[in-house]
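Subject: A structure for you to look at

Hi there,

Here is the structure I promised to pass on to you. Please open it next to this email and follow along as you read.

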Amino acid sequence: MSSSTRRRAVRAAWAVLTATSLVAVAGAQAASALAGPTAQVAPAAVAVDSEYAERFLEQYDKIKDPANGYFSPQGIPYHAVETLMVEAPDYGHMTTSEAYSYWLWLEALYGQATGDWDPLNEAWVNMETYMIPQQADQPTNSFYKADAPASYASEYNHPSNYPSQIGSSGSVGKDPIAAELRATYGNNDIYQMHWLGDVDNIYGFGAAPGPGCQLGPDYEGMSLVNTFQRGPQESVWETVPHPTCDDFTYGGKNGYLDLFTGDASYAKQWKFTSASDADARAVEAVYWANKWATEQGKAADVAATVAKAAKLGDYLRYTLFDKYFKTIGCTSPSCPAGSGKESAHYLLSWYMAWGGATDTSSGWAWRIGSSHAHFGYQNPFAAWALSNDPKLTPKSATAKADWTKAAERQVELYQWLQSSNGPIAGGATNSWDGAYAQPPAGTPTFYGMAYTEAPVYNDPPSNQWFGMQAWGVQRLAELYYETGNAKAKTVLDKWAAWVVDHIETDGADWSVPSELTWSGKPDTWNPTNPGSNSGLTVTLKSSGQDVGVAGDTARALLFYAAKSGNTEARDTAKNLLDAIWDNNQDSLGVSSVETRGDYKRFDDVYTAGGNGVYIPSGWTGTMPNGDQVKPGVSFLDIRSFYKQDPQWAKVQAALNGGADPQFEYHRFWAQTAIAGALSDYARLFEGGATPTPTPTVTPTPTVTPTPTVTPTPTVTPTPTVTPTPTVTPTPSVTPTPSVTPTPTQNPGASCSVSYTANSWNTGFTASVKITNRGTAALNGWTLKFSFANGQQVQQGWSAKWAQSGSAVTVTNEAWNGSLAAGGSVDIGFNGSHSGTNNAPTSFTLNGATCS
């Protein structure tokens, strides 16, 4: 079968799948929206001369072929083809708003290549049907009060501090955009994607979009769920899945609510969370779709979808605001509450969330933004598009002004966080420790927000995975390509040089950066005279063959090269794509072998102050399949369905002491990233032409920085509910061999320990890095040190912590006991002190004194 014939066959099969599944599940109205265009066999792809355009169409076919398993019977994109997968989604057949945003990108690129825009429009309607909560899913928004958007509660650094008390002391500001959104759209509903869906209802909640709250295990179809809920140390391995609509059918006596929040009584309720980078990526993709369709004379074909993307961008503004609408520069729970736009930081923060009661006769509703911004979530290109493209500019009165300022502020964030050698550091927060605490003395600031090295999550550190670099910088490169923004070019020049130096394109041994190690801090931001960040550096910790990271890194380099004329960046991207195409293709797309040492955490149980699933003493509940939720359970105990997975035997063998299991995964976003890079090369460099440099735009003067709020003595942090999950990106894999019962002694007594503490009032957080300076690997390790000032370890992570008097003993977890020669492991803890907090002066590792 020729490639063009195969494309027609795949397209026809996809049309039947999409139309029939929506008839069966989404109802006649949604089905009729799709049945017309999708019932037709798409025209053959336009003839192309470019090798890379053909490669794009081959990859597209593999993704869209129903037989390959990327989509459910309802036409919903799975996170991955494979089911046994634990990362941010804790099961491969979950879906995410991230997957939907990549799907929109894929169809935009297909429309550019073929002139067929039906698949893009169908993807958006599917997203509206299954991922954007319908009116029936958020029934009590009419009770929302913009003057009192939510009840205050602090966040905590460790899951064991939850449930957290709702209504603890702290001011809450006013929501400044609710009234104009209601006036613009005529209702109180939120138009954002929820971040996580259980596509096959494997958990059995049956929290179906539209039809019902908890329809149970017999329901066949999408169920909207949540996982992350308990602060930055809660990794996926420590989460408790729960439904977005909790009517107390499952869980404990209050459903799952009292695992996360403390209250006098509990009401049945619904709650949703959007991940800002996914919704912004959807807008980004539609911008290009509209541009290309217009160039083809087919703007009318995408006009309805463009209007919906503008609406999505209108509501996306909630992520530009502090969690509790407090003024920016807040360093106390009682700091001033905002009454207008003074609560806007204008960065794409980690999420926005909204919820309310299910009982419409005594309703209430709430909304929050987020105080934490990771550079990898920023999308200055989408912000620029929402403020400069008349067809994408949202209808609300102040939306254009908000996105104009956001575009400028986000570019500045990249400038502020760029290390002296190129990559971009973590992010900023308006709520230190999630409790609006006073940051440690000397913490750099960005318009009053404090620098955080690993914003939002710590296990693993959020600034470690190189994928965040690829995601965040690709959007900056698109902005530079489309507008010539000079500030963006300055950042890209340095970033691209470092990245090109750290990519290998040697055939089957190709690699891209995987993990990064950071040192130092940026200078406090001065927009009129930015610092050099000479003290902020990054080193490459590891490289690997993550095909998704490779694809999006190539896309960043290609957009940059097409505008700047940098042929080295172009050729590196091309050679990387060639190496993957020649060595990593399979029948489903592209893949590489992954060793998953972290899967030894499947059966970890909670250790006091450390890792594992924390369930409060006395709490008991039941999952829909009968799994018991109680103290002492593991990740696997509340997900027993994994034991029936076709690939489970590999994990069980590892848990029994065998080798770390290996997999070849096909993540939807990663396959689309490769497809996108192939399309970019074909479009930007067809025929291999050398890019012509384009003059850059002279930068516009920046606004004088907003003064930082004078630090106020803080109240002892109260536990805060994080009513919304944090979306963790697909992590890079760190192999973790099994631990032998007796730690190996350190040959040559060679080791080093780095100890850094950030102190406040009577508390502190310590980061500890252990490095094996010996010539042999350690199979198990024990670190010992003593405090001189009566300090106490309260809770630790990534190790087992014990203290007797002043002496502290730290032993490895099962998943990080192997420490190669020259290798390092990062651990940490929260502690208390009585006013003096001197660092320990001596450390031993397996009995040997460290430097």
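Below are some notes on its disulfides, its cavities and one of its sheets.

Before you start, please keep in mind that this is a predicted model.

**Disulfides**

Let's begin with the cysteines. A disulfide is a covalent bond between the sulfur atoms of two cysteines. How many disulfides does a search of the whole structure find? The search turns up three. If you count the bonded cysteines along the chain, the pattern is 1-2, 3-4, 5-6.

Start with Cys-213 and Cys-245, whose sulfur atoms are 1.9 Å apart. Their link is left-handed, with -100 degrees about the S-S bond. Cys-213 sits in the loop between β3 (196-198) and β4 (223-226), while Cys-245 belongs to strand β6 (residues 245-246), so this pair ties together parts that are 32 residues apart in sequence. Are these two cysteines buried or exposed? Cys-213 counts as partly exposed because its relative accessibility is 21%, and the cut-off for buried is under 20%. Cys-245 has a relative accessible area of 13%, so this cysteine is buried.

Next, find Cys-330 and Cys-335, which are joined by a disulfide with an S to S distance of 1.9 Å. The torsion about their S-S bond is about -100 degrees, so this disulfide is left-handed. Both Cys-330 and Cys-335 are buried.

Then move along to Cys-751 and Cys-850, where the S to S distance is 2.0 Å. This link is left-handed, with -95 degrees about the S-S bond. Where do its two ends lie? Cys-751 is in strand β23 (residues 751-760) and Cys-850 is in the segment after β33 (848-849), so that the pair links distant parts of the chain, 99 residues apart. Cys-751 counts as buried because its relative accessibility is 3%. The value for Cys-850 is 11%, so Cys-850 counts as buried too.

**Cavities**

Now for the empty space inside. Rolling a probe the size of a water molecule over the atoms shows where empty space is left. The count comes to eight cavities of 30 Å³ or more, and the largest cavity has a volume of about 50 Å³.

Which residues line the largest cavity? They are Tyr-102, Trp-105, Arg-281, Glu-284, Trp-471, Gln-474, Arg-475, Asp-552 and Arg-555. Two or more lining residues come from each of α4 (97-114), α7 (276-295), α11 (467-483) and α13 (547-564). With three residues, α11 gives the most to this lining. Sorted by kind, the lining has three nonpolar residues, one polar and five charged.

**A four-stranded sheet**

Finally, have a look at one of the sheets. In what order do its four strands run? The order is β11-β12-β14-β13, in an open sheet with antiparallel pairing. At its edges are β11 (372-374) and β13 (445-446), each of which pairs on one side only. To see the pairing up close, go to β11 and strand β12 (residues 427-429), which run antiparallel and are joined by three bridges. Here Ala-373 stands opposite Ala-428 in β12.

That is what I have for you. Enjoy exploring, and write back with any questions!

Best wishes

Note on methods. Residues numbered from 1 in each chain as written. Predicted model: local features only at pLDDT ≥ 70, side-chain atom pairs only at ≥ 80, totals over all residues. Heavy atoms only, no water. Pairing = 2+ DSSP bridges. 1 Å grid on protein atoms, 1.4 Å probe; cavity = no way out; pocket = protein on both sides within 12 Å on 5 of 7 lines; lining within 4 Å. Points joined across faces, edges and corners; volume = space filled by probe spheres on them. Nonpolar A, V, L, I, M, F, W, Y, C, P; charged D, E, K, R; others polar. Disulfide = S-S within 2.5 Å. Buried < 20%, exposed > 50% of the residue type's maximum accessible area, 1.4 Å probe, protein only.
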